[in-house]
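Let's walk through this structure together, one question at a time. Keep the viewer open and follow along.

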Amino acid sequence: ATASGHPPREVATHCPYCALQCGMTLRDQDGRVSVLPRQFPTNRGGLCQKGWTSAELLTHPDRLTTPLLRDPASGELRPAGWEAALDRIATGIGEVQRRHGRDAVAVFGGGGLTNEKAYALGKFARVTLGTRNIDYNGRFCMSSAAAAGMRAFGVDRGLPFPLSDLGHADTLVLVGANPAETMPPLVRWLTELRQRGGRLIVVDPRVTATARQADLHLQPLPGTDLAVANALLHIALTEGYVDDDYVATRTTGFTDVRRTVAGWWPARAEALSGVPVADLEATARALGTAKRAIILTARGAEQHAKGVDTVTAFVNLALALGLPGRPGSGYGCLTGQGNGQGGREHGQKADQLPGYRRIDDPAARAHVAQVWGVSADDLPGPGVPAYQLLDSLGTSDGPRALLVFGSNPVVSAPRAARIESRLRELDLLVVTDLLLSETAALADVVLPTAQWAEEDGTMTNLEGRVLRRRALRPPPPGVRTDLAILATLTTRLKGRAPSYRLAQSRGPLLTADSDAEAAADSEREARAADPRTVFAELRRASAGGIADYAGIGWDRIDAADGVFWPCPREDGPDSPRLFADGFPTPDGRARFHPVEHRPAAEEVCAEYPLHFTTGRVLAQYQSGTQTRRVAALRQAAPDAFVELHPDLAGRLGVADGEPVRVLSRRGEFRAPARLSPAIRPDTVFAPFHWGGAARANSVTNDAVDPISGMPEFKICAVRVERVAS
Ligand code: SF4
């Protein structure tokens, strides 16, 4: 019992941060919340520092507990009541849409939102606002792997097998992934692999904490991973590791790929990437001779203007070796954000409807319209990817109002100063957040939202496993959930609450005008704010789609350690492993695509002679809005830094800890130099978790992948200067 005599309240839930979604127990003891580790198949009781300290923000003094409105006279954000804030939003949206049309209001979501919120946000944009302009920050995270997976396998699920398979592989190749810092509990699987005699091979331009544990580290020049992959396949072909039977019976298109990689003899790849031929050969042999082999890619491979093709090159390699669908083997992507997987399945992407359906597919439109109780003809068409959307804000052709949920693009977008200036051009910027992020600080209206421990919902982790997030306690007074905000806003904007139905749709939404319907309005609003009801509708909307949740009830999740999609029937099995019997393509075969190396969108030159690349550190998460405010994390990683090789620092005359300026054609940022032999002498690294003068994304390139819309965060040209004292 606690001091008050009441027993502590505990719930089994998951960490609020990354896609590993580690199991944890939250304990509320007289209002003080503590985090306890919990056995779960992915983390097996492990948590990283971010997870351990995640409860601190529940009572943080910076927490927003009242809406903020920008005062027109002073230009300052001032506390306001909910009525005034919602009035301002509804009036502003109404004015913008009357003057400029429905698409003049845009919505920007996040990969940390629960499945229910991602679904409700897509429905809010398409039905309540009637705008085509919705996208989300996952576009900056794993959209390249998603697109590569869709075109090769016909499905995009980060890991098409349980994470535990990693521990049983004989060879594991990690490309552009640093789980030792981003997902520390995952490292136990890598350790077990090595203890069993398996080989860990890491491909990364930096000697990361993960690379240090590898049996072999390939350190290519940033932007040359695709050539490395093609060379590996070249070696696999010449040394006889290609699984001809698998290629013949389970795939299509290998002939063109064979022709393409024929030109990638190892010496050519070495000349381009700097990876020695011997290391390329050792990697191909380790993969080709392993009984069980896995290739995983992450942001390092994806965040390029050729990210889809780079991932495709590794998928081609995996397919040629016959890995996908073979027990204990395969290709996968390590998804980053907490609900990076679920967040890209339920309709907050510009081109997508729930169930991972395409918004330009007439059958998909008809199905979702029927669930939503609207006419398919009234559903908007596809919008534009995140960067294009953000870069169009406030321009003559672009949206004039933006609603942001769970994202901080002022820090996380490429060429961030330009995006910041676009946001300043808007007639109306609304941000919902728990803290005053850099983006919220620019808003006309800020709405305080509940935290993860204060609301129920579901998340889908990097394995495609649907999990339950459980509320420990209600939000504090003055704070509302995102679902409640969307429901209330719909009532304001349409004069009627949104319709969420547990059962089959009964006619048109928002047009019924009987007294009985009107009287039921507050009940409808309560239903729309109830995550269980929203999830019930999400299941129906997803039924028959690629990401089919129809058979996944909350009770079923509660009864097991989550449920893997696709799971079309309540009385049928879920899908921990995909591709054993075929691929969800029209002919059941996976598809090869020939891909060629091409240079980065911006190459080094005399004025900007260094390659610049961004990444993460263990104690911070994404744009740092939350983790920069947690005392222990701030202590562990208080400031941004610029990682320089000592040889380069010597040439520049820069000492360790000395402030430097990093400049590109797009802007500059400043941070102390951190000298390290872990980086190539021709490359500079900085983490992107900080804003203000230390914002690394001030210099990154906004060139995007033509297929995924992924910006080129991982390489641009910069110069580094000492900051005159
Ligand atoms: Fe949370 Fe990810 Fe750390 Fe696990 S690894 S505790 S999910 S941040």
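This is a predicted model: local features need pLDDT of at least 70, side-chain atom pairs count only at pLDDT 80 or more; totals for chains, interfaces and linings use all residues.

Q: Which residues come nearest to the ligand?
A: The shell around the ligand holds ten nonpolar, three polar and one charged residues. That makes up the 14 residues around the ligand, and those that come nearest are Cys15, Cys18, Cys22, Cys48 and Gly51.

Q: Is Gln21 buried or exposed?
A: Gln21 sits in the loop between strand E1 (9-14) and strand E2 (23-29). Its phi is positive, about 50°, although Gln21 is not a glycine. For the burial, count neighbours: 20 or more other C-beta atoms within 10 Å make a residue buried. Gln21 has 28 other C-beta atoms within 10 Å, so it is buried.

Q: Which strands are the edge strands of the open sheet of five strands with parallel pairing?
A: The order of this sheet is E10-E9-E8-E12-E13. Neighbouring strands are turned by 15° against each other on average, direction ignored. An edge strand pairs on one side only, and that holds for strand E10 (216-218) and strand E13 (330-333).

Q: Which residue in E9 stands opposite Val175?
A: Strand E8 (residues 171-175) and strand E9 (residues 199-203) run parallel and are paired over five bridges. Follow the pairing to Val175, and opposite this residue in E9 stands Val203.

Q: Which residues of strand E18 are buried on its two sides?
A: In a regular strand, side chains alternate between the two faces of the sheet. Strand E18 (residues 445-448) has both faces covered. One side carries the buried Val445 and Leu447, and the other carries the buried Val446 and Pro448.

Q: What are the bridge partners in E18 of Leu69 and Thr432?
A: Strand E4 (residues 68-70) pairs with E18 in the antiparallel sense, over two bridges. Strand E17 (residues 428-433) runs parallel to E18 and is joined to it by four bridges. In E18, Leu69 has Val445 as its bridge partner, and the partner of Thr432 is Leu447.

Q: Why is one side of E19 and of E21 left without a neighbour in the sheet?
A: The open sheet of three strands has antiparallel pairing and the order E19-E20-E21. Within it, E19 and strand E20 (residues 465-469) are paired over four bridges, with Thr460 opposite Val466 in E20. One side of strand E19 (457-460) and of strand E21 (563-564) is left without a neighbour because these two stand at the edges, each with a single partner strand.

Q: Which residue does a cis peptide bond join to Trp565?
A: Look in the loop between E21 and strand E22 (590-591), where Pro566 has its place. The peptide bond here has an omega of about -5° and is cis, joining Trp565 to Pro566.

Q: Which residues in E30 and E27 stand opposite His611?
A: Strand E23 (residues 610-615) has six of its six residues buried. Leu610, Phe612 and Thr614 point one way, while His611, Thr613 and Gly615 point the other way. Three bridges join E23 to the antiparallel strand E30 (residues 716-722), and five bridges pair E23 with the parallel strand E27 (residues 683-687). Opposite His611 stand Ala717 in E30 and Thr683 in E27.

Q: What is the radius of gyration of the protein?
A: The protein has 24 helices and 30 strands. For 725 residues the globule rule gives 27 Å, and the protein's own value is close to that, so the protein is as compact as a globular protein of that length. The radius of gyration is 25 Å.

Q: What share of the 725 residues counts as buried?
A: The C-alpha atoms fill a box of roughly 75 × 65 × 60 Å along the principal axes. Of the 725 residues inside the protein's chain, the share that counts as buried is 59%.

Notes. Residues are numbered from 1 along each chain as its sequence is written. Two strands pair if DSSP finds at least two bridges between them. Axes are lines fitted to C-alpha atoms, for helices over the stretch in contact, and angles run from 0 to 180 degrees between N-to-C directions. A residue is near a molecule or strand if its C-beta atom, placed from the backbone, lies within 6 Å of it. Ala, Val, Leu, Ile, Met, Phe, Trp, Tyr, Cys and Pro count as nonpolar, Asp, Glu, Lys and Arg as charged, and the others, Gly among them, as polar. The radius of gyration is taken over C-alpha atoms; the globule rule is 2.2 Å times the number of residues to the power 0.38. A residue is buried if 20 or more other C-beta atoms lie within 10 Å of its own, exposed if 12 or fewer, and partly exposed in between; C-beta atoms are placed from the backbone.
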